[in-house]
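Visitor: I am new to this structure. Could you walk me through the terms used to describe it?

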Amino acid sequence: MSTDGLIVVDKPGGMTSHDVVARIRRLAKTRRVGHGGTLDPMATGVLVIGVGRATRLLTYVIGAGKSYAGTIRLGQTTVTDDAEGDVTATAPAGQVTDDAIRSALAGLSGEVDQVPSAVSAIKIDGQRAYKRVRDGESVELPARRVTISRLAVLAIRRTEPDVVDVDVDVTCSSGTYIRAIARDAGLALGVGGHLTALRRTAVGGFTLAEAATLDELEQRAPDVVNLPLDAAADRFFARREATPDEARVLAHGGPLDPAGLTGPYAVFGPAGGLIAIVSERDGRARAEIVLAPA
C-alpha cells in the first residue's frame, strides 16, 4: 500500500476526475483516495490526488488558486459552454477586431460576479445542475464572486471562416469557471463563445513540472505518492515547531498558545512528523484537523 501523501497527476483528456481517483485506488491499493478540485473530462493537466491521511488536506487544496491555459472559440455557442456540448447558435465572428476581443476579456478580469455554467456539478436542491439540464429543465444558477487575477491573450487565430480562436492564460480563485469566461466573452462581443481546450497548469504551488501521467504512475505502483504527508504539508502551509509537551497536547486535540502566525499553518513535532493543521482564534491555537497517527 502507498504511504499517506499527495500525488500531482497530469490528467488526460476524456477522463473524469472520479475516473482518475478510481485508477489511483487500484494502483495505491487503498480505498482512501480523493481529489483536490474537479477537472471536466475535456480538460487536462494538474489534478492533486490525496492518499490515506492526506485526503484530509484536500479541503485546503480545493480552495487554492489555480492557473489554466485555454482556447476560446468565438462565433459558436454550445449548451455546455465548451466543446463537449452541442452547438446551439452561431454568428459570424470574422469581423470582430483583435482590439474588441482584448477589451472584452479585460472586462472579465479582476473581482467579478460570475454565473457558473448551467451544465456544472453545482447542486440545486440536492441534485447536480448538469443532471437537471440533461433532464430538460431550464437551470439558472446565481452569480458568485470570483477573482480573475490574470487573463492574458496569448494569440488570436483566424484559420477558419466565421470563427476566431483565442488562446488565453488565466490565473484565478477557486470556483472560477473558465467555460463561463468563454461564454461571457462571446456574449460581450455579440457572437457567442465556448471553450475548445483547457489545460490546468497549476493548483496552488503544485505545477505541471512535477505532475506524473497515469502511465508513469502505473510503472511505479504501488509507490505512487510523490509528496509524503509531512512534505506535502510543509509545501502548502507555514510551519510551526512544537515542543514535546505541545506535541502531546495538540495530538489529543488540545489548544496551544498562539505563535502569531497567519493560519492555517502546519505544526510539526520534535521528531519532524506532522501533528495538525492549526489556526489561531480567540487567543488560542486550535487544531482544524489532527493528523498525527493514532
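This is a predicted model: local features need pLDDT of at least 70, side-chain atom pairs count only at pLDDT 80 or more; totals for chains, interfaces and linings use all residues.

Visitor: Which hand does the crossing of α3 and α5 have, left or right?
Guide: The crossing is right-handed.

Visitor: Which residues make the contact between α3 and α5?
Guide: From α3 come A100, I101, A104 and L105. From α5 come I181, A185, A188 and L189.

Visitor: What makes those residues nonpolar, polar or charged?
Guide: Their residue type decides. Ala, Leu and Ile are among the types that count as nonpolar. The contact therefore has 8 nonpolar residues, no polar and no charged ones.

Visitor: Now the sheet. What is the order of its strands?
Guide: The order is β15-β16-β17-β18. This is an open sheet of 4 strands, and its pairing is mixed.

Visitor: What makes β15 and β18 edge strands?
Guide: β15 (238-241) and β18 (284-290) each pair on one side only. From one strand to the next, the twist averages 40 degrees.

Visitor: How do you know that β17 and β18 pair?
Guide: Pairing takes at least two bridges. Strand β17 (residues 274-281) is joined to β18 by 6 bridges, so the two count as paired. They run antiparallel. R281 stands opposite R284 in β18. V278 has A287 in β18 as its bridge partner.

Visitor: What lies between β17 and β18?
Guide: The two strands form a hairpin with 2 residues between them. In the turn, D282 has a positive phi of about 55 degrees.

Visitor: Which helices lie against this sheet?
Guide: Helix α7 (residues 229-236) packs on it, touching β15, β16 (265-268) and β17. The direction of α7 makes about 140 degrees with that of β16. Helix α8 (residues 244-251) lies across β15, β16, β17 and β18. Against β17, α8 runs at about 85 degrees.

Visitor: Why do R73 and D165 count as a salt bridge?
Guide: The cut-off is 4 Å from a side-chain nitrogen of Lys or Arg to a carboxyl oxygen of Asp or Glu. R73 and D165 meet at 2.8 Å, N to O, so the pair qualifies. R73 is in strand β4 (residues 66-74) and D165 in strand β11 (residues 164-172). They are 92 residues apart, and the pair links distant parts of the chain. By this rule the count comes to 20 salt bridges.

Visitor: Where are cis peptide bonds found?
Guide: One joins A221 and P222, with omega about 0 degrees. P222 lies in the loop between α6 (214-220) and β14 (227-228). Another joins G263 and P264, with omega about -5 degrees. P264 is in the loop between α8 and β16.

Visitor: What makes D81 worth a look?
Guide: Its phi is near 70 degrees, a positive value in a residue other than glycine. D81 lies in the loop between β5 (76-78) and β6 (87-90).

How values were computed:
Residues are numbered from 1 along each chain as its sequence is written. Side-chain values use heavy atoms; hydrogens and water are left out. Axes are lines fitted to C-alpha atoms, for helices over the stretch in contact, and angles run from 0 to 180 degrees between N-to-C directions. Contact means heavy atoms within 4.5 Å. A crossing is left-handed if the near helix is turned anticlockwise from the far one by less than a right angle, and right-handed if clockwise.
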